Amino acid sequence: MRHRKLRKRLARLCDYISCLTKQADDIAGEQTLRNLRCLRQRCGNLSLSEARAQVSSLKEVLRKEEQQEKTRRLSEWRHRVQSDVGELGNWLRSKATPPAEGLVDQHGRHTETVCEAADAIADFWHDFWRDLHSQRPSFEERSAAVLEGVDRPLLPASLSLPVAKDLCALARKAKGAGGPDGWHSSEIKHLPFEAFRVFEMLVKTWHDQGSVPLQLQQSRMVCIPKAQKRNQQGSVGVVDVRPISIASVWWRLFSSAWYQSVDFKAWRSNNLTVDIGAITGEDICVTLSEVMHQFATKKHILTLDFTKAFDTLDAEVSIRLLQHLRWPPGVVAMLRSAWCHQLRFVQWKHHCRPQALRGYGQPQGDPLGPLIMSLWVQAGLQVVKRRSAAAAAHRAAPDSFTKVYVDDRTVVDACPRRLACVWDLWLQWSRRAGLVENTLKSWAAGASAKQVADLKACFPADRVVKVVQALGASTYTTPRALTEQEAKRGQATRTTLALLSCVGMHLRQYLGTAKVFAMSKANYGWVARAPTLQLSKQLFTGLFKHAHRVRYSSPWVRALVFGANVHLDCLWATRLVGALAKRSAISPLPWSLLRGSPSAALHGWLLERGWTLIAPWRWKHVSSAVDLDLTTPVAPQRNRHDFLQHQVRVGWRAWCASRWLASGRHEVRGLSLRGVGGAAFPDVDWEDVRKWALSAAPAATVALGASFSPATWRAVSGRPEHVNSVSRDATAKVRRHL
C-alpha cells in the first residue's frame with residue numbers, strides 16, 4: 001500500500017513539473033492551467049526546483065524499497081527451495097523444460113490464443129477416438145483377444161476397501177494438484193480423523209450402489225508438451241502433447257489407499273508374472289540388468305512400443321478383464337462408473353476449457369492406470385508366448401526372453417527368425433485387442449555386425465539398427481564414444497548443477513541435493529558398460545566448481561572424502577551392485593564374462609579399481625581389507641544390498657587414496673601407501689571423516705588440504721623434523737591440522 005502511494009505521489013509530481021515547465025515557456029493551454037491548479041492543491045504550492053528535488057528523493061526511496069523487496073522475495077524463494085525438496089524439484093523442472101511457446105493444431109495451423117489451443121486439443125482427441133472406434137474390431141472380438149491370455153482364478157479376489165485409518169495416514173502424506181472440484185492435497189492432509197470416517201462411509205455407499213458421484217467422474221486434463229518434440233520456434237504439435245488427467249483428490253485418495261493395501265499387494269504378487277516390471281516395485285536397474293545379460297547371451301534384441309497406449313485402452317474391456325479376474329463386483333461397478341463416463345476439462349497453460357470432453361481410454365494419472373496397462377500387456381504376452389512356442393516347437397534354440405515395463409516391451413532371442421515371428425504376433429494381437437503398435441518406434445539390433453546382417457534378412461531394413469535404447473540404456477557395448485542419449489544426460493547434469501549453485505545451500509545439503517537431482521541423470525543406464533572415467537571426473541569437477549567451495553583442492557582427496565556418494569565412477573557401481581543383490585535374493589545370479597553382460601562390466605571395473613576375483617561373484621580388495629560377495633547372505637540385522645554397496649565404496653576410497661599418492665603432488669612426496677592405502681587404511685573411519693568435514697567450512701578445508709598432521713608424518717616417515725604450517729620446503733610439503 002505504501003509503495004503504491006509513493007508511486008502515485010511521484011506521478012503527480014512529474015505531471016506538476018510538466019505543467020510548470022509549459023507555463024514558464026508560455027505554451028500552457030487552458031487544460032494545462034486547470035491541471036496545474038488541481039495539482040497545486042494536491043502537491044502543495046511547490047516551486048519547480050522543490051518539485052524536482054522531491055522527485056529525486058522519491059525515486060531514491062522507491063529504488064531502495066524495490067531493492068529491499070527484491071532481496072526479501074529472493075530470500076523467501078531460497079528458503080522455500082532449501083526447505084522443500086518438492087519445491088526445488090518443480091523449480092529445476094521449470095528451468096530444464098521451459099513451457100512451449102505455442103501449439104500447432106492437427107491441420108498445421110498455429111493457434112493464436114490459449115483458448116484456441118485448448119479447443120484444438122479437444123478437437124484432436126475427439127477425432128482421434130472417433131477414428132479409433134471406426135477402425136477397431138467389435139467389443140466382443142477385443143474382449144476375446146484380451147481374455148485369451150488370462151486364466152480365470154478359482155477363487156474370488158480378496159480385496160477389502162480401505163478403512164479410515166489407512167485413508168487418514170495416506171492423506172497426511174498427500175501431494176499433488178487439485179482436480180476440477182477444487183480440493184487440493186495440501187488441504188485434505190489437515191482434516192481431522194472424523195472426516196476420513198465419513199469418507200469411508202461414503203466409499204461403502206458408492207460400493208453398495210455400484211456408482212460414484214459426478215465429481216469423481218470429472219478430471220482436469222493438463223496437456224504437457226514433450227520436450228524433444230518442439231520445433232525451432234518453441235511450438236509443439238497437438239499430437240505431441242501428453243494428456244495427464246488430474247482427477248478429484250478424493251478419488252485419488254481412495255484408489256491409492258486401496259492399491260497400497262496389504263490385500264492388494266498380495267493379489268499383485270500372485271497374479272503378475274516375473275515378466276512384468278515397474279508395477280511389482282522392482283528397481284528399473286534390476287530390470288535392465290536382466291535385459292542386458294540376456295542380450296549379451298542371445299545377441300538379438302527387439303524393442304516395441306504402443307501409440308497413445310493409455311488412450312487406446314477400452315475402459316469397457318478393462319472392466320470385462322477385471323470381472324474375469326474375479327474382482328469384487330461392487331468395486332468393479334465403481335470403476336466402471338468412474339472410467340466409462342469420463343468428463344475431461346482440457347487445460348492448456350493457465351486456461352481450462354469450460355466445455356467437458358467425453359473421455360475414452362484409461363486416464364493417465366489414475367493410480368490404477370499402470371496396473372491396468374500391465375494386465376493388458378501381460379495378457380498379450382501370454383498369447384504371444386503360446387503361439388510363438390507352437391510355431392517354433394521344432395527348433396532347439398532357447399526360448400525368447402521378454403520384459404514388460406508398463407507399455408514398453410523388450411524381447412531378446414538367439415534366433416532372428418523367431419524374433420521376427422514374435423514381432424508379427426504382437427502386431428496381430430494388438431490389432432485384435434484394439435491397440436495401435438507404433439512401428440516407427442520398433443527397433444531390432446544385434447550385438448555384432450553378423451547379428452545385424454542376420455536381422456536384416458528377417459526384418460524391414462529400416463527397422464534394424466546397430467544400437468537401441470532398451471528402457472533408456474544403450475545396447476552398444478563395444479569400446480566407443482558416448483551415445484547421443486548419454487551425452488544429453490551428461491549435459492543435463494551440468495545444467496542442473498549450475499542451477500543448484502544459485503540456491504545458496506551449505507555443502508552438506510548441496511552434495512545431497514546434487515546426488516538426487518543432478519548425478520542421478522548421468523547415473524542412469526550404465527548397466528552393460530561403465531561410464532568413462534573422463535566423464536566421471538568432469539562431472540565431479542563441475543560439482544565442486546558450482547559449489548564454490550574447496551574446488552582447488554586435490555581431486556583425489558576430494559574423491560576420497562566426498563566422492564563415494566557423488567562421484568559417477570562410484571555411483572554407477574554401487575547402484576549396479578545393489579540391483580544385483582536384489583536379483584540374487586530372488587534367484588541365483590548367472591555368471592558371464594561376455595562383453596555387454598552386467599557381470600562382465602562390473603568385473604572389469606573392479607579389476608581396474610584394485611579388486612581381485614576369488615570366485616564367480618566374489619572379489620577381494622587387499623589394501624582396504626574388504627570382500628564383495630554376491631553369493632552369500634549377510635547378517636540378518638543388516639540390509640544386504642546396503643552392506644554390499646558399502647563394501648564397494650570402501651574399496652573405491654582405497655583406490656582413490658592410491659591414485660592420490662601416485663599423483664606426484666607436492667604434499668605426497670615421501671609418503672608411502674602404508675599411511676593411507678595399506679594396513680592403516682581400514683582403521684580410518686572415512687564416513688566419520690566425511691561427516692566431520694561437512695560439519696563446518698573450516699573442517700572441509702582442513703580435511704581436503706591437510707591430509708597428514710605433523711605427528712602422522714613422523715609416524716609414517718620416521719623423520720622427526722618439525723613441519724611448519726606454511727613451509728614451502730620441498731622435502732615436507734604438508735600442512736598442520738587445525
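**Exercise 1. Sort the residues that line the second largest pocket of this predicted model into nonpolar, polar and charged.**

Step 1: Ala, Val, Leu, Ile, Met, Phe, Trp, Tyr, Cys and Pro count as nonpolar, Asp, Glu, Lys and Arg as charged, and the others, Gly among them, as polar.

Step 2: Know what you're sorting. On a 1 Å grid over the protein atoms alone, a pocket is an open set of points with protein on both sides within 12 Å along at least five of seven lines, while a cavity is a set where a 1.4 Å probe fits but cannot get out; lining residues have an atom within 4 Å of a point.

Residues are numbered from 1 along each chain as its sequence is written, and side-chain values use heavy atoms, with hydrogens and water left out.

**Exercise 2. Find how much space lies in the second largest pocket, and which parts of the chain line it.**

Step 1: The space comes to about 490 Å³, where a volume is what probe spheres set on the points fill, with points joined across faces, edges and corners.

Step 2: Of its 21 lining residues, Val274, Thr280, Glu282, Lys403 and Ile586 are the closest to the centre.

Step 3: Now the helices (DSSP H or I runs, at least four residues) and strands (E, at least two), numbered from the N terminus. At least two lining residues come from each of α12 (262–271), α13 (284–298), β10 (401–405) and α23 (568–584). With 3 residues, α12 gives the most.

Step 4: Domain 2 (139–159 + 272–314 + 361–480) and domain 3 (521–736) each supply at least three residues of this lining; those bounds come from an automatic or database domain assignment.

**Exercise 3. Describe the lining of the second largest cavity.**

Step 1: This cavity holds about 50 Å³ of space.

Step 2: Its lining includes Ile284, Cys285, Trp526, Trp572 and Arg575.

Step 3: Helices α13 and α23 each give at least two residues, and domains 2 and 3 each give at least three.

Step 4: By class, you get 8 nonpolar, 2 polar and 1 charged.

How values were computed: This is a predicted model: local features need pLDDT of at least 70, side-chain atom pairs count only at pLDDT 80 or more; totals for chains, interfaces and linings use all residues.
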